[in-house]
Amino acid sequence: METLMYTRPAFWLFLLSVMVGLSFMKKKTALRNTFLFAASMFFYWNTSAWFVGLLLFSTISDWCIGLLIDKREGAKRNALLILSVVINLGLLGFFKYAYFFADASSSLFGTTWEAVIPGAHWLNENLGTSIRVHEILLPVGISFYTFQTLSYTIDLYKGKIKPVKSILDFGCYVTFFPQLVAGPIVRAVEFIPQLHKPYDLSRKEFKLAIWWILAGLTKKIVFADYVATNLVDRVFANPTSHSGFEVLLGLYGYSLQVFADFSGYSDIAIGVALLMGFRLPVNFRSPYKARNVGEFWQRWHISLSTWLRDYLYIPMGGNRNSSLFTSIFSFTLVLFASLSMHNMGVFLIGSGILLLARGLSVMFPEWGVKAATYMNLFSTMVIGGLWHGASWNFLLWGALNGLGLMAFKFFRHYLPWSKLEHWWAKAIGVILTFNFITFTRIWFRSGSGIGWDSVPGNHNILLEWFTANDLVYQLIQHFNDIAIIEVLKGHKWVLAVMAIGYITHLCPERISSKIIERFTSLHSLSIWGITGVLTLILWKVGSASPQPFIYFQF
């Protein structure tokens, strides 16, 4: 996987060869799309080897289903959409969640992995295979390209777009290599029309593309990797050897790391795509400036947040009413909790509460709508947590964010600072939101791999759980084990980098916009000079073995 990583010279040599090839087919859109499809398949093969076959299968199946949906009506049209959902979510579920459900089944019911993987026992007995759940590797980027192909068939079913006639054009959309591995999640309605337009890039846009790329590389190498190597990884690797204050600094460091890492990848993807004449949507808008949890999710990983809103939350009922899915999810959650705790009393009490809530919603419709909204929000965030990985910690992280959104919606009219535009009111909202989001990342980071050996890889569920517990314990019980002044002195350089990172992030948008405008107005020779100098600096600053992008494992 690491050979064509953005921080490797091999990727930029690959990109140079792609750009040279594109230069001969600027106005030949069909040939360009075919070339990009082939280049993207080569890129994915280089990162995931034979999993390229899975990507190709997903591409061809959804292309064929899309053509058929356009020609069918009624029940047949519905069946085709269901088929697309089953294929996409079935593949995602098998490769991403088989280990998780096998582990849950084993702990709850005492079953084996053979009982969870259909046909595994027959294959082992008759074909001499040795299927083991812990040996199922996660195809890189499957969560991203699955959501892209699903959005295509759903939008086609709803009549928002027309079917793509050429498999090569559709293949280019699904496999477009700048954002294939870790997003942004691009919808067909945004991207496919660009496939039919000739290459068009102004000088200013070219300079803007360079800005995106340089900004992304700086975020990744200077901030994300440095903070991870010198603070975050050490704290999470052995929480009990650090004081609670060091753990807190590690959490603040991780909030900077995960933003710089993921938004850095998105920036580079946007810049590389723009060089090739394609416009990708912005994926981050200064999320740590958010005054509440709701606003945070409007600024963070925007392509995923809006996907979950449009294809899950709204169909589930949104803020209008509950749906059958809402009821099924609520019941499943209560059942799951009772089985996890081996206590049927929890199931009886939880079911009683759900039935009571249902009765009250019938008697008091206005209250019922609010309750449904809260449950739909919570359900969406839990599913969003599981989207990140098959881990109890991701599930808990999603649940905490769901509770945060519910609390915000309930209390927002009672919080004085949520209504005022004074600087101190904004500061209170930003500080509270940032600290809440940072606290939830105890479980997010504990459930995330940190090296090439675990990207993509399976989760050590017990280790993740105990790591998170140790972090909380250190924060509560051992905050002052080491004098705070000694901790600050010992981490002065990484804290300085963190301070620069957060100050840059919190810079007013009017200032950052002026800087970008100034950069894109420079003479081309100045742009190349800045690029050369910064590239040399990043080369020297960068680690000999750079860390993988965090979202490669999702």
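Modeller: Asp 261 and Lys 220 are both buried, where buried means under 20% relative accessible area, exposed means over 50% and partly exposed lies in between (1.4 Å probe, protein chains only). Their side chains meet in a salt bridge, with N to O at 2.6 Å; the term stands for a side-chain nitrogen of Lys or Arg within 4 Å of a carboxyl oxygen of Asp or Glu. The pair links distant parts of the chain, as Asp 261 is in helix α12 and Lys 220 in helix α11, 41 residues apart. A network is also present elsewhere: Arg 187, Arg 309 and Asp 310 are joined by salt bridges that share partners.

This is a predicted model, in which local features need a pLDDT of at least 70 and side-chain atom pairs count only at pLDDT 80 or more, while totals for chains, interfaces and linings use all residues. Residues are numbered from 1 along each chain as its sequence is written, and side-chain values use heavy atoms, with hydrogens and water left out. Helices here are DSSP runs of H or I with at least four residues, strands are runs of E with at least two, and both are numbered from the N terminus.

Lys 220 has another partner in Asp 225, the closest N and O atoms of that salt bridge being 2.9 Å apart. Asp 225 is buried, as is Lys 220. By the same rule the salt bridges number 9. One of them joins the side chains of Glu 205 and Arg 279, at 2.8 Å from N to O. Glu 205 lies in helix α11 (residues 203-237) and Arg 279 in the loop between α12 and α13, so this pair ties together parts that are 74 residues apart in sequence. Both ends are partly exposed: Glu 205 has a relative accessible area of 24%, and Arg 279 stands at 33%.

Arg 77 is buried but has no salt bridge, and the nearest side chain of opposite charge, that of Glu 73, is 4.9 Å away. Leaving out residues up to four places away in sequence, Arg 77 touches Ile 69, Asp 70, Arg 72, Leu 156, Tyr 157 and Gly 159; contact means heavy atoms within 4.5 Å.

Ser 286 is not a glycine, yet has a positive phi of about 40°. Most residues other than glycine have a negative phi. Ser 286 counts as partly exposed, at 23% relative accessibility. His 301 likewise has a positive phi, near 40°, and is found in the loop between α13 and α14 (302-316). His 301 is buried, with a relative accessible area of 1%.

As for whole helices, α8 (residues 167-175) is mostly covered, with 7 of its 9 residues buried. Among the buried ones are Asp 169, Phe 170, Cys 172 and Tyr 173. The buried residues of α8 pack against α2 (29-48), α3 (52-71), α7 (142-157), α9 (177-180) and α10 (188-195). By contrast, Trp 539 in helix α24 (residues 524-541) is exposed, at 58% relative accessible area. The C-alpha atoms of Trp 539 and Arg 8 are separated by 9.9 Å, although these residues are 531 apart along the chain.

Now the chain as a whole. The model has 24 helices and 0 strands, and buried residues make up 51% of its 554 residues. Of the contacts between residues at least 6 apart in sequence, 77% join residues at least 24 apart.

The average pLDDT, the predictor's confidence in each residue from 0 to 100, is 81 for the chain, and 84% of the residues score at least 70. Over residues 113-117 the pLDDT is below 50, and this stretch has 16 contacts in the model beyond near neighbours in sequence. Residues 450-456 also stay under 50, with 17 contacts beyond four places in sequence.

Methods. Lys and Arg count as positive and Asp and Glu as negative; His and the chain ends are not counted.
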